[in-house]
Amino acid sequence: MIQNKHSLIYLTIRRYIFAFLAVMLVGSVVLIVVENAIWQDDVDKILYDLKAKTILTLELNGPEMLGETGKYNSLFDHDISVEKLDHFVETSDSLFTHEFYSEIEGHNETVREIISYFTIHGVTYRINFKKEVLDQQKLIAGIILAQIIIHIFFIVALTLLMRAMSKRQWAPFFGINKQMRQLKLDNPQPIDTDCKGITEFEELRKSVNILIEDNHKLIEQQKEYTENTMHEMQTPLAVMNNKITELLNTPLNEEQSKALFSMIRHVKYMSTINKNMLLLSRIEHHQYAIDESVDFKQIVDEYISLMQENVEVSDKHLEYTLEDCTLLACNELLATSICNNLLGNAIKYSAPESTIEIELNKNHFIVRNQGADKPLNTGLIYQRFVRGDSKKEGTGLGLSIVHEACKQMGYKLHYTYKEDSQHEFTIRFRPDSE
């Protein structure tokens with residue numbers, strides 16, 4: 001099962017990952033804010049509890065517990081400082097966070113500090129408590145590091161899990177797609193992929209099978225109509241040709257002869273179109289077995305021998321290099337059609353007194369001729385009834401037949417326009433090996 005970065009599976013995984021990262025980023029910020037608020041609230045409760053205990057102690061023991069200096073300091077007991085004042089101070093408690101140098105730790109620390117004034121038995125006291133809090137930078141760094149580790153683990157686990165689950169869940173889709181790629185509408189087989197009980201894929205398979213069946217019926221109707229029409233046209237065309245020939249053998253004046261010759265030319269033209277359309281229809285509907293071994297060199301040789309005199313009469317020349325070329329998995333009729341149409345076009349559309357070059361080996365077949373002084377429209381030349389020169393006789397079906405025949409047999413047809421009005425058609429028999 002080949003997948004790429006634009007496949008639905010990986011697009012889904014990436015969206016899950018982006019959504020997860022966004023949630024985790026917001027969650028990390030919220031976690032830092034909440035944890036800091038909880039920790040600060042806990043520290044504040046400790047400080048207020050120390051204040052209450054200190055006040056209770058002073059109420060029980062009086063100012064004598066402070067000694068003659070009227071002060072008490074302790075670095076070990078939550079950095080407590082108690083001082084007796086000789087004047088009254090009326091103010092509310094001050095609670096704030098700041099950094100100070102710790103003599104015990106030997107570096108600056110972040111602390112939460114409370115300063116409070118109160119009066120007991122007419123004596124005013126000032127108390128100061130400090131409590132170390134979490135370092136904000138360390139807190140943020142720790143949370144970020146933890147989140148990164150969690151993110152990496154989760155992303156790896158999510159990717160592996162999604163891939164494993166997707167391979168099973170999407171297996172019916174890839175199975176249906178594979179069978180559709182191998183489908184031949186002229187002989188279709190119903191899609192029978194196991195959908196593993198997944199409703200959506202079951203519905204997809206049913207819809208595809210209905211579409212295949214409807215298209216097959218339509219193609220069969222078109223094929224039957226085309227073949228019947230072409231066959232039915234052959235008989236009246238043959239009758240018309242015979243009757244005109246009979247009339248030509250009777251006494252006629254010059255105008256009557258010209259008219260009959262014109263009629264017989266148009267009848268032959270219609271007959272040629274009819275035969276070519278029938279051939280093209282059969283090629284497109286895969287009615288020719290591609291299972292023969294064909295000596296393509298012999299086919300080209302025979303056509304050159306047949307056309308050599310006509311070429312010389314028209315003051316054109318043939319130059320050819322033919323090597324042995326046996327085509328496997330081929331069809332002799334299609335190979336003959338390819339040769340006849342390519343060489344026929346080259347002879348028909350080449351300039352007077354020009355040279356038609358032919359090259360054949362086991363890898364390719366090249367036909368080159370000097371013709372119109374501008375390149376052919378590659379978007380149109382393989383379409384039906386398109387002719388390179390409307391003044392030349394022809395049905396406009398030759399290159400369409402060559403194109404379809406090459407496609408059926410797996411050959412690559414390529415057109416190139418070169419300097420000096422050189423038009424070159426190349427057929428590569430082994431496109432994958434070149």
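1. In this predicted model, glutamate 254 and lysine 258 sit 4 residues apart in helix α5 (residues 254–284), about one turn of the helix. The two side chains form a salt bridge, with the closest N and O atoms 3.4 Å apart. Glutamate 254 and lysine 258 are exposed.

2. Lysine 45 counts as exposed because its relative accessibility is 54%; aspartate 41, at 38%, counts as partly exposed.

3. Lysine 418 and glutamate 424 also form a salt bridge, and their closest N and O atoms are 3.1 Å apart. Glutamate 424 is buried, since its relative accessible area is 7%, whereas lysine 418 is partly exposed at 37%. Both belong to a network of salt bridges that also links Glu357 and Arg368. The whole structure contains 13 salt bridges.

4. The largest nonpolar core has 48 residues, and those with the most contacts inside it are Phe296, Val300, Leu342, Phe365, Ile427 and Phe429. Helix α7 (residues 332–349) supplies the largest share of this core, 8 residues. Another core, of 15 residues, lies apart from it and includes Ile55, Leu66, Phe129 and Val133.

5. Beyond its neighbours within four places in sequence, phenylalanine 296 contacts Cys325, Leu327, Ala335, Cys339, Leu360, Phe365 and Phe429.

6. On the surface, Ile140, Ile144, Ile148, Ile152, Val156 and Leu160 form a nonpolar patch with about 530 Å² of accessible area together. Isoleucine 140 lies in helix α2 (residues 136–169) and counts as partly exposed, at 34% relative accessibility.

Methods. Residues numbered from 1 in each chain as written. Predicted model: local features only at pLDDT ≥ 70, side-chain atom pairs only at ≥ 80, totals over all residues. Heavy atoms only, no water. Patch = residues over 30% accessible without salt bridge, like charges linked within 9 Å, V, L, I, M, F, W, Y side chains within 5 Å. Areas by Shrake-Rupley, 256 points an atom, 1.4 Å probe, with all protein chains shown as cover. Salt bridge = Lys/Arg side-chain N within 4 Å of Asp/Glu carboxyl O. Helix = DSSP H or I, 4+ residues; strand = E, 2+ residues; numbered from the N terminus. Buried < 20%, exposed > 50% of the residue type's maximum accessible area, 1.4 Å probe, protein only. Core = buried A, V, L, I, M, F, W, Y, C linked by side-chain atoms within 4.5 Å. Contact = heavy atoms within 4.5 Å.
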